Structures are given as C-alpha cells and as structure tokens.
Amino acid sequence: MRDLADKTWLYIFSFIAAADSCKSLLLVHKKWLRMIYQHQDLWRKWFNEFPWFIPPPAINNDADPNKRMKLEWNELFLRRVRMDNNWKKAKFTERRIERGHTLSVSALHCDDHYMVTGSYDESIKVWDIANGTCVRVFQRTGWVSCLQFREYLIIAGSNDGFAAYRIDQQRLIKHMEPKQTICTLKFQDNILVTSTGPSEINTVYDLNTFQSLLTLPHSYISCMSLQSNLLLAGSLDGVALWDLASAQVVRRFPSQCADGVQMEDNIVAIRIGQNLNIIDLRTCEVLSTYKDSKIINSLILHKNKLLSGTCAGGMKLWDMSLLPPPPSSSSSSSASPSNLCETPLFSANIHIGNNNVAISLDTNWERIVAGFWNGDISFIDF
C-alpha cells in the first residue's frame with residue numbers, strides 16, 4: 001500500500017465519511033495529513049457532508065470574484081469542528097465591554113461582522129465583533145425599544161417612532177412621522193412590520209419606499225416573528241399567524257399572552273414567563289414543553305437549533321430536529337406533549353455575567369452577544 005501514488009490515495013480518501021476523517025484519518029498517518037492538507041476540493045466535500053451540531057454560515061461561491069474572500073476549506077473545516085466541540089462542552093471565552101451604554105441595553109442584533117445595540121440612553125451603536133470596538137454611533141431623540149440589523153440596514157423603534165440608518169453611508173435615511181412609540185418591529189425581504197403601544201396600530205410597510213401597505217386589525221402586538229409573507233404575532237389576545245398577502249389570520253395557537261415568539265419552517269417557539277412551548281405550525285399541536293427556574297427573556301431559532309436565555313444570564317441550547325413528530329390524526333388526542341428536558345439533545349448550560357441581568361441576546365453561532373441592565377455588553381466566543 002505504501003507504493004500507491006498520491007493521486008490514488010486522494011481518490012480513496014474522497015469516499016471516506018467526513019466524520020471519520022476528523023476522528024481517525026488525520027490521526028493515523030502524518031503523511032496523509034500532509035498530502036491532503038492543501039487538497040481544497042476534498043476538504044470542501046467533507047465540510048458539506050459533516051453532521052454539524054452548530055449550523056455553518058451560508059457561503060456564496062458565486063459572488064463577484066473581485067470581492068470574494070479566498071476560502072481555505074481545510075482551515076474552515078477544522079475551525080468548525082473545534083467550534084462544534086466547544087458548543088457541546090459549553091467551552092467559551094467571554095469578552096466584556098463595561099458600560100458600553102450609559103443606560104440599559106434594550107435591544108441588539110448581530111451578523112458575522114457587526115453587532116448593533118440600542119439603549120435607554122437614546123443611542124444606537126455599531127460594534128466591530130472581531131475586536132469589540134465601537135465604529136458608529138447614531139443618536140436618537142428617544143429611548144430605543146427594538147431594532148433589527150441586516151447587511152448595512154438598521155431599523156430601530158423608540159418612543160418617537162422608527163428610524164432607518166445605513167451603516168456604510170453613516171446617515172439616517174428615514175424617520176417615521178407622525179411620532180409614535182414603536183414597541184416591536186421585524187423586517188424581511190421587502191416587508192417591514194411595526195406595532196405601536198397604546199394606540200395599538202400594527203402597520204405593514206414597503207421596505208424600499210417605507211409606504212404603508214396595510215394595517216392589521218389586531219390588538220397591541222408585544223412580539224413577532226416574520227417568515228416570508230407569514231407573521232407570527234403575540235399579543236394580549238394570544239398568538240396568531242397572519243397571512244400578510246390576504247391580511248387574514250390563518251392559525252391561532254393554544255397560548256396565553258406571549259412574551260416572545262420565534263418561527264422557522266414548521267416549528268413555533270413561544271415563551272411565557274418561565275415556560276417554553278414548542279408547537280407544530282401545521283397542526284397547532286404542542287410538541288414539547290419546558291419550564292425554567294428563571295424567567296426566559298430571549299429566544300433564537302435558526303436551522304433547527306433553539307437558544308433560550310434567562311434573566312439571570314443562563315442559556316440553554318436545544319436541538320429541534322430531535323423533537324417527537326406531531327401526533328397523527330389516528331392517535332389519541334389526549335396524549336400529552338413531551339418534556340423538552342427529557343429529549344436526548346445537547347442542552348448546554350452557559351452562564352454569563354456577574355449578577356447583572358442579561359436582557360438581550362443574539363448569536364451568529366460563532367459567538368453569543370448579550371446586553372445587560374447596567375449597560376455592559378458581552379461577546380461569548382466558542
């Protein structure tokens with residue numbers, strides 16, 4: 001076997017499963033490691049086949065070649081393996097920015113490069129995730145209640161309406177008039193949805209022109225999740241699924257007033273105080289439940305992974321792909337949902353903070369970012 005040509009070995013390696021390549025192949029023979037280390041097509045194949053625990057980032061290979069970053073698939077693969085192991089073992093390092101805001105961090109959102117935070121100190125700050133430095137500050141005339149960030153667009157709601165900013169242009173591009181208190185907002189594709197406070201006005205806007213498209217006849221929406229033309233809205237009336245194309249409610253879920261909702265594909269996650277309910281979007285059946293010892297104040301659902309955070313700074317990670325299937329129509333209707341704690345999944349207990357209450361969480365899976373009542377900001381790197 002030692003007389004086989006390198007090309008033949010590479011051909012043989014291409015049939016080896018990605019998981020095996022990490023666990024055994026690279027530890028058996030140093031020559032093999034040296035041989036395949038620069039063979040990027042093989043590493044790319046393993047990367048795409050590996051059963052990742054944490055969802056890998058979307059990688060666009062069809063982008064403008066002048067702007068495309070050179071992908072070293074071997075380094076990307078090994079980095080993702082280390083990250084997966086760190087998540088499973090809850091192994092992380094924390095970087096703390098003390099008093100990132102002078103008052104509480106009320107909202108935040110992040111991507112792979114930037115984090116955007118809003119605060120009761122009437123400011124919006126843009127942070128470079130790599131080094132933790134503040135690179136932009138947008139001053140508001142009211143405290144920031146909610147925000148969302150995508151690519152270079154920031155839309156933030158406050159007690160004087162909502163405003164849209166461009167990070168790359170360093171300017172305000174839109175401020176809603178008349179001034180209203182925006183309690184929650186979401187945008188996706190070409191749609192922006194906002195909900196105001198006492199006036200209970202829920203408006204759908206065209207994201208390109210910021211022109212009002214329709215008003216939803218719904219009570220004050222305290223939390224929402226947007227997926228294509230579907231809006232999952234939590235309010236005093238319970239949780240409802242709206243079809244924005246027809247402006248009609250198409251589902252109502254068995255839940256009281258929700259503190260937070262998340263929706264992805266056919267999974268709905270609803271938090272109410274210390275309780276977390278997982279519901280099938282198609283049947284409205286409760287699949288699983290969980291009760292924390294602390295109030296759950298953050299939910300992130302992405303690619304079958306659900307991250308929940310409590311007001312005490314504790315976090316748990318759930319694997320939605322391991323949930324039991326929804327009961328069939330022929331099964332007993334009295335069957336009770338499973339307990340999420342009993343589901344065989346990795347639920348990492350991660351605790352951050354020093355007795356400060358974490359009120360905002362987000363993640364790009366390489367790290368978690370958290371904002372605190374005292375204005376501190378944490379980067380939890382895996």
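Ile 155 has Ala 164 in strand 8 as its bridge partner. Strands are DSSP runs of E with at least two residues, helices are runs of H or I with at least four, and both are numbered from the N terminus. Strand 7 (residues 153-158) and strand 8 (residues 161-166) are joined by 6 bridges in the antiparallel sense; two strands are taken as paired if DSSP finds at least two bridges between them. The model is predicted, with local features requiring pLDDT of at least 70 and side-chain atom pairs counting only at pLDDT 80 or more, while totals for chains, interfaces and linings use all residues. Residues are numbered from 1 along each chain as its sequence is written, and side-chain values use heavy atoms, with hydrogens and water left out.

Ile 279 has Val 286 in strand 21 as its bridge partner. The two strands form a hairpin with 5 residues between them, and Cys 284 in the turn has a positive phi of about 65°.

Asn 86 is part of helix 5 (residues 73-88). Its relative accessibility is 18%, and Asn 86 therefore counts as buried; buried means under 20% relative accessible area, exposed over 50%, and partly exposed in between (1.4 Å probe, protein chains only). Leaving aside residues up to four places away in sequence, Asn 86 touches Lys 91 and Phe 382, where contact means heavy atoms within 4.5 Å.

Phe 372 lies in strand 28 (residues 367-372) and, at 0% relative accessibility, counts as buried. The C-alpha atoms of Phe 372 and Leu 103 are separated by 9.1 Å, although the two residues are 269 residues apart along the chain.

Tyr 120, in the loop between strand 3 (114-119) and strand 4 (123-128), counts as partly exposed at 35% relative accessibility.
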